[in-house]
Amino acid sequence: MVFAVAAKAVRGAAAAQRALGAATFPHSATVRVRMGMHTGEGTPASAEAGADYVGIDVHRAARVAAAANGGQVLLTQATATLAGPDLGDGLSFRELGEFRLKDLAHPERILQLVIGGQPAEFPPIRSLDRTPTNLPPQPSTFVGREREIAEGQRLLDKARLVTLTGPGGTGKTRLSIRIAEESAPAFNDGTFFVPLAAISDPDLVPSTIAQTLGIQVGGSEMPLTRVLDHVREKRMLLVLDNFEQILPAAPVVGQILGASPSLKVIASSRAPLRIAGEQEYPVPPLELPNPDRLPALEVLAQSDAVRLFIERATAVRPDFRVTAENAGAVAEIVFRLDGLPLAIELAAARIKVLTPQAMAPKLRQGLDILASTARDLPERQRTLRGAIQWSWDLLDPLERRLFARLGVFVAGATLPDVERVCSPDGELGADVLDVLSSLVEHSLIRQSEIEGEPRFRMLVLIREYAVEQLARSGESAEIARRHAEAYLALAEEARPQLQGPEQKRWLDRLELEHDNIRAALETMISGAMAEQACRALWALWRFWQIRGHLIEAENWCKRVLAMPTASVPPLTLMRAYEAYGGVTYWQGEFEPTRVSYEKTLELARAHGTDLDEANAAYNLSFVYGIPMSDTARALELLDVAKAKWLAAGDDVGAARAAWARATYLQLGPLGTGDPAQLRDALASVEEALAVHRRYTNRFDIAWDLHLYGMTLLKLDRFAEALAAFRESAALFRSDNDLSGFAIIASDCAQLAAAKGQPERRATLVGVAEMLSNRAGTGLLRSIRDQDGRWIAQDVPLELRPAYERGLAMDIDAGFAYALEDVP
């Protein structure tokens with residue numbers, strides 16, 4: 001509801017709540033309605049919009065209402081200030097404080113309307129201040145460490161960076177999570193766990209942190225810049241896990257700490273980060289009993305190390321107990337394992353087949369062997385390696401062979417991928433799932449489930465050991481080659497799906513396997529597998545473009561195409577150059593795009609079919625048509641492409657040519673186009689859209705609708721244009737295609753310009769800029785002059801606040817705002 005006077009709105013809400021409280025509903029039901037109020041400007045909306053008013057302030061009022069509990073009335077400070085002097089009897093305000101509400105960039109001061117005769121006590125309001133967190137749930141109980149948790153909290157109170165150090169297996173990860181769990185209520189902007197184990201390149205640290213925080217980064221934008229902007233002035237706790245292999249990235253942590261005085265970091269690493277303000281906390285071993293002076297059984301069982309052993313042993317053998325007969329062996333086991341949690345867990349897993357008395361001598365033997373051959377390693381690391389060595393020694397030859405081969409997977413693998421890489425055509429001579437199950441029981445690999453499919457992975461330290469064993473076996477090169485071939489096959493299987501109805505599922509699959517794909521590309525480059533590397537570029541470039549990995553994609557393209565390619569089949573090389581051209585095109589860099597596309601056309605003419613030449617000519621046309629540097633040349637190339645496609649009976653190809661033709665014909669600022677030429681463009685895009693709808697090509701349909709809407713807009717058919725933009729945006733949004741949605745936001749800014757709404761236009765320019773930065777697309781800059789579109793630098797000074805509002809919106813808020821129907 002809309003009121004002209006704030007006090008009337010408050011009194012109206014109170015009257016409504018009293019009426020609801022006094023009403024009798026069927027079946028003695030109780031109806032509790034939440035209400036929220038804000039004072040600001042609203043714009044009357046059309047009936048089709050589904051609302052009476054639209055605008056930022058209407059949106060703010062809706063978020064305030066959404067935060068309330070049933071029967072509760074909330075209001076902003078703006079409303080309270082205006083209504084306060086004229087509240088009326090039986091009404092008062094109660095200060096609740098500042099809260100972060102969904103889609104609002106800044107905290108909002110919220111008050112509750114206290115209504116005489118109505119309930120006044122409610123649960124906490126629904127705000128983002130309920131400490132958002134992604135701390136991972138743990139598969140087993142956390143045993144002991146009460147002293148260490150308290151010490152970690154004490155250090156975190158004093159320092160902004162606390163680094164838990166120690167050798168692998170000391171339990172740094174689990175302890176850091178427990179400290180974070182206890183500390184989380186103090187960090188209103190969230191506590192976030194950032195797993196770094198899967199990466200070895202320090203340059204990937206900012207993008208990994210960004211992904212954890214839900215920051216979409218890619219293209220020409222630097223991930224660190226986005227992270228710094230996101231955390232600025234926030235009260236947040238980051239848990240950076242497994243930092244030791246990327247220590248050169250330590251300055252990144254310093255920059256993040258510098259972005260917000262209220263942000264803190266817990267890091268786990270085998271070595272300190274050595275940056276200013278760091279508080280190192282060497283994680284001690286678990287509390288140990290003295291095997292030479294055993295206490296009473298009840299006292300022994302209270303030792304943290306023994307408690308952990310018992311807890312994990314009973315998980316695999318429920319009837320296990322510490323008795324007078326095995327107490328000495330249990331104490332010896334945990335003592336010789338130096339109280340290291342991972343080592344104890346590995347040992348306890350063997351209780352299923354070995355008694356403690358039988359286990360102790362085997363473990364002792366393994367320790368002695370490892371210590372005698374690796375004296376340059378720290379004692380604790382030798383001890384842990386001994387525990388893993390002992391687990392390895394207990395494997396049969398088949399289990400050992402699979403275990404070593406599994407080391408090739410960087411971030412885990414599905415069962416089909418394990419079979420393809422480790423046992424093609426049943427090479428191991430046994431059912432792979434059976435052997436995997438045995439390794440899971442040995443606690444050497446872990447099993448999880450993603451979308452109903454089992455996934456197997458190793459802890460980092462255990463994977464390192466597996467890689468060593470693989471190297472000793474002499475199979476490293478062959479298994480790495482198979483791994484590269486397997487993930488190339490996945491990429492090539494995914495490629496035709498990336499523009500179809502299953503697009504999102506395949507994009508998500510490639511994102512899940514991105515670390516394995518990176519490892520596969522490294523193998524191809526280091527192993528002189530130029531043909532496979534070129535095929536990978538072609539298969540992956542659209543994934544990189546849609547999901548915002550354009551900077552990384554450009555790097556891979558440069559490295560691959562710098563390899564000797566004389567032996568690469570010409571058409572494979574042609575497609576690699578097409579991929580490189582696609583990556584640079586989406587970055588808005590037309591000169592390198594021209595070079596790549598001309599090379600593509602040259603190879604197509606020399607070695608390809610008419611369809612290859614048609615596709616190459618179509619791509620090259622964009623270099624001349626989008627910047628309008630030579631529209632005649634662009635149309636000439638399109639005529640060649642369309643003729644060849646039609647001759648081959650390729651309707652989809654001909655539709656793409658029609659789409660491109662319409663794009664070039666409609667380019668131009670609002671109000672300057674030739675109506676006849678615009679109608680010609682409209683007919684062409686309608687032709688393309690009809691074909692693409694028939695073949696359900698989501699990617700092409702979305703881009704057809706963008707173009708259809710822009711052409712309708714330039715013909716002053718505003719309602720039809722908005723309908724096209726909405727349908728296009730829904731496709732882009734569902735597939736998380738930020739490049740496409742950035743264009744739609746810019747299209748809606750053009751619609752606002754045509755309607756004479758400069759403030760809305762400026763806000764939408766901000767939304768488009770936000771999305772472009774996250775997607776890494778430079779296309780809006782490329783068509784700025786040709787289409788008369790505003791970008792950031794064009795927004796007048798008096799409209800900068802509106803632009804900043806758009807820039808500060810998150811994706812959902814920008815999506816909703818862009819597609820509002822504002823007359």
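**From a loop to a pair of helices**

Mentor: Arg274 is found in the loop between strand 10 (264–269) and strand 11 (278–282), where helices (H or I, at least four residues) and strands (E, at least two) are DSSP runs, numbered from the N terminus. This is a predicted model, in which local features need pLDDT of at least 70 and side-chain atom pairs count only at pLDDT 80 or more, while totals for chains, interfaces and linings use all residues. Residues are numbered from 1 along each chain as its sequence is written, and side-chain values use heavy atoms, with hydrogens and water left out.

Although Arg274 is not a glycine, it has a positive phi of about 60 degrees. Arg274 counts as exposed, at 66% relative accessibility (buried means under 20% relative accessible area, exposed over 50%, partly exposed in between, with a 1.4 Å probe and protein chains only). Glu233 is not a glycine either and has a positive phi of about 65 degrees; Glu233 lies in the loop between helix 7 (223–231) and strand 9 (237–241), and at 60% relative accessibility it counts as exposed.

Lys714, by contrast, counts as buried at 11% relative accessibility, and its place is in helix 30 (residues 698–714). Leaving aside neighbours within four places in sequence, Lys714 is in contact (heavy atoms within 4.5 Å) with Gln666, Leu667, Gly668, Leu670, Leu678 and Asp787.

Now turn to helix 32 (residues 738–754) and helix 37 (residues 811–818), whose axes come within 10 Å and cross at roughly 40 degrees; axes are lines fitted to C-alpha atoms, for helices over the stretch in contact, and angles run from 0 to 180 degrees between N-to-C directions. Helix 32 and helix 37 are therefore oblique to each other (under 35 degrees counts as roughly parallel, over 145 as roughly antiparallel, 65 to 115 as roughly perpendicular and the rest as oblique). Leu738, Phe741 and Cys748 of helix 32 make the contact with Ile811, Gly814, Phe815 and Ala818 of helix 37. By class, this contact of helix 32 with helix 37 has six nonpolar, one polar and no charged residues (Ala, Val, Leu, Ile, Met, Phe, Trp, Tyr, Cys and Pro count as nonpolar, Asp, Glu, Lys and Arg as charged, and the others, Gly among them, as polar).

Cys748 counts as buried, at 2% relative accessibility, and Cys422 is buried with a relative accessible area of 0%. With a disulfide taken as a pair of cysteine sulfur atoms within 2.5 Å, the count comes to zero disulfides.
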